[in-house]
Amino acid sequence: MPRANLIATAVASMLWPEHRMPSTRKPSPAWYALRRTLPPWRFDETFAELAKLLPRYRVDELIVKVDTEEFTHGQPPLAWVRKYQDKLFAIKKELGRLGIVYSLNPWITVGHADRGRDSRVDLPGLRTVVGHDGIECTSCACPLSPVWREHIDAVWTLYAQTAPRVLWIEDDIRTFNHAPVSFGCFCPLHLARFAKRVGESVDRERLVAALFQPGTPHPWRSQWLDQQHEVMTETAGFLAEVVHRTAPATALGLMSSGPGAHCMEGRRWKPFAAAFADGRPLYSRPPMGNYNEGSLRGFYYSHDSIKATRHCMPAGTIEQTEVENVPFTRYSKSAVFTFLEMAISFAYGSHGVTMNFYDHCGTPMASEPAFGELMRARKPFLEGLARVAQLPGCYRGVRLLHDEAASARKRLAPGSSWWHLISSNGALMENLETHGIPTTYEASTVTAATGQIIRGSSDAEIGALLAGGLLLDATAAMILHERGFGPDIGLSAIAAPVHLDSLGAFSAEELIDPEFGGAPRKYLTLTTPSLGGRPSLSVLTLARGARVIS
């Protein structure tokens with residue numbers, strides 16, 4: 001039975017750590033939190049519609065998005081936020097009358113992307129992100145910038161004065177993917193801090209060359225990732241301090257980008273989360289992906305995102321998944337597909353869903369009535385599902401490994417880029433799940449290791465894995481062979497993986513061992529998981545006595 005962080009009765013109380021529901025309502029186990037932008041030019045219309053439709057749609061919480069998407073200012077002007085604050089107070093008052101919770105979701109912290117804005121005009125002296133390629137952002141702020149910290153202190157104090165239940169922080173609170181740059185900030189402030197750390201002068205070109213050194217990682221890579229973690233943890237603590245100085249009961253919520261991606265910024269989740277929580281309950285928003293409707297196979301990512309993120313978060317974290325469609329119409333994503341994402345969220349024990357169904361331009365929610373009907377009609381089913389899934393228990397399946405330091409340990413090929421540092425179980429997870437084999441990040445009698453993830457395991461840990469069932473791909477098997485575990489996995493030699501077609505003519509895998517369902521001339525297709533799939537394979541030299549199954 002799926003495991004939740006808390007049993008259902010505890011969830012109800014933790015959803016309200018400092019606030020209490022009106023006596024006429026009880027917290028729903030299938031908590032609906034609608035994320036909605038009320039743009040200033042259509043505020044009255046969208047506000048009136050919310051008051052009318054939120055109770056009808058059975059929404060428990062409204063998360064107001066501020067200065068959002070197409071009309072973002074970049075770094076939000078203090079005067080603009082001060083003027084908009086009156087509207088936030090009005091929203092909160094009306095929600096209180098309706099018995100609906102008020103939360104807040106600023107669109108940026110440091111910034112997702114410049115989007116043509118130049119925040120340095122309004123914030124003289126702002127230090128912006130400098131990419132590993134030397135390109136300097138015009139709006140995305142370096143988290144070490146004193147000007148940015150002074151500005152965000154003033155802006156977030158205004159947000160905190162409205163005392164939202166949760167103040168949500170977007171996934172731009174990270175060191176990567178700030179367009180047009182991609183991997184960390186290499187501004188003079190970061191370089192000076194790193195030079196002090198390693199005890200010698202460092203310029204950007206030399207540091208980048210060390211970070212992407214082929215083969216054995218340069219010692220600077222782990223030092224750089226440690227520094228990135230420290231800077232972002234300090235930043236998380238700074239934001240929490242700003243909020244709690246004014247609104248001590250407000251909890252902070254964190255959207256994240258997937259544990260595998262955060263490996264390449266060196267994130268250590270427990271201290272990072274503790275800095276954000278600042279002694280209060282922490283809210284987590286793992287993305288369900290599928291921002292538009294492609295294939296049902298996208299749901300494999302959705303449940304893996306829930307399980308992997310939850311594995312990294314501290315116990316007691318309150319989890320509300322992110323269900324979102326872009327560009328916010330049924331042309332992008334059907335109501336049925338959207339419902340399935342919500343059902344997956346609750347089936348895997350999440351406490352609620354945050355729903356981003358409507359655009360940020362003021363288009364009425366009534367223009368897409370199918371989403372409102374979905375929320376209204378499906379609430380009883382989802383509540384029943386949530387009550388079962390939030391009972392105590394544990395997930396069963398093949399265990400997938402996660403190593404926070406995977407990017408520091410990874411050996412790169414010549415010409416590698418920043419995205420090669422990402423740690424991913426995606427292909428392995430999908431291969432297992434598409435064959436009906438469930439996966440988990442919790443302890444299990446069977447573990448699967450893919451790529452270089454096992455580099456972070458000690459010899460004792462590897463021995464413990466070998467004592468159970470251990471499924472390896474070719475790269476993981478090579479690493480174990482290099483470390484002297486060849487006899488334990490039945491190999492006397494293993495070649496580096498090469499593309500299948502370079503090895504000759506192959507058609508299928510023959511499954512020959514009858515104890516594993518095999519028989520002569522029983523074949524498995526090579527087009528798994530995709531039509532036309534041509535995998536890379538390693539030529540193996542078997543150890544004496546090794547048993548061949550296929």
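In this predicted model, the charged end of R378 sits over the ring of F339, 4.1 Å from the ring centre. F339 also pairs with F381. Their ring centres are 5.9 Å apart and their planes meet at 55 degrees, so the pair is tilted. F339 belongs to helix α11 (residues 335-347) and F381 to helix α12 (residues 369-389); the pair thus links distant parts of the chain, 42 residues apart. F339 has 10% relative accessibility and counts as buried. F381, at 46%, counts as partly exposed.

The structure holds 19 aromatic pairs. One of them, F186 with W224, is stacked, at 4.7 Å centre to centre and 20 degrees between the planes. F186 lies in the loop between β6 (166-169) and α5 (188-198), whereas W224 lies in helix α7, so the pair ties together parts that are 38 residues apart in sequence. Both residues are buried. Ring pairs also join F186 and W224 to F183, F194, F212 and W220 in a cluster.

Four cavities of 30 Å³ or more were counted. Of its 13 lining residues, P143, R174, T175, C185 and M232 are the closest to its centre. Helix α7 (residues 219-246) gives the largest share of this lining, with three residues. By class, the lining has seven nonpolar, five polar and one charged residues.

The second largest cavity holds about 70 Å³. Its lining includes W107, H112, D114 and R115. Here the classes are three nonpolar, six polar and three charged residues.

Methods
Residues numbered from 1 in each chain as written. Predicted model: local features only at pLDDT ≥ 70, side-chain atom pairs only at ≥ 80, totals over all residues. Heavy atoms only, no water. 1 Å grid on protein atoms, 1.4 Å probe; cavity = no way out; pocket = protein on both sides within 12 Å on 5 of 7 lines; lining within 4 Å. Points joined across faces, edges and corners; volume = space filled by probe spheres on them. Helix = DSSP H or I, 4+ residues; strand = E, 2+ residues; numbered from the N terminus. Nonpolar A, V, L, I, M, F, W, Y, C, P; charged D, E, K, R; others polar. Phe/Tyr/Trp six-rings, centres within 6.5 Å; stacked < 30°, edge-to-face > 60°. Buried < 20%, exposed > 50% of the residue type's maximum accessible area, 1.4 Å probe, protein only. Lys NZ or Arg CZ within 6 Å of the ring centre and 35° of its normal.
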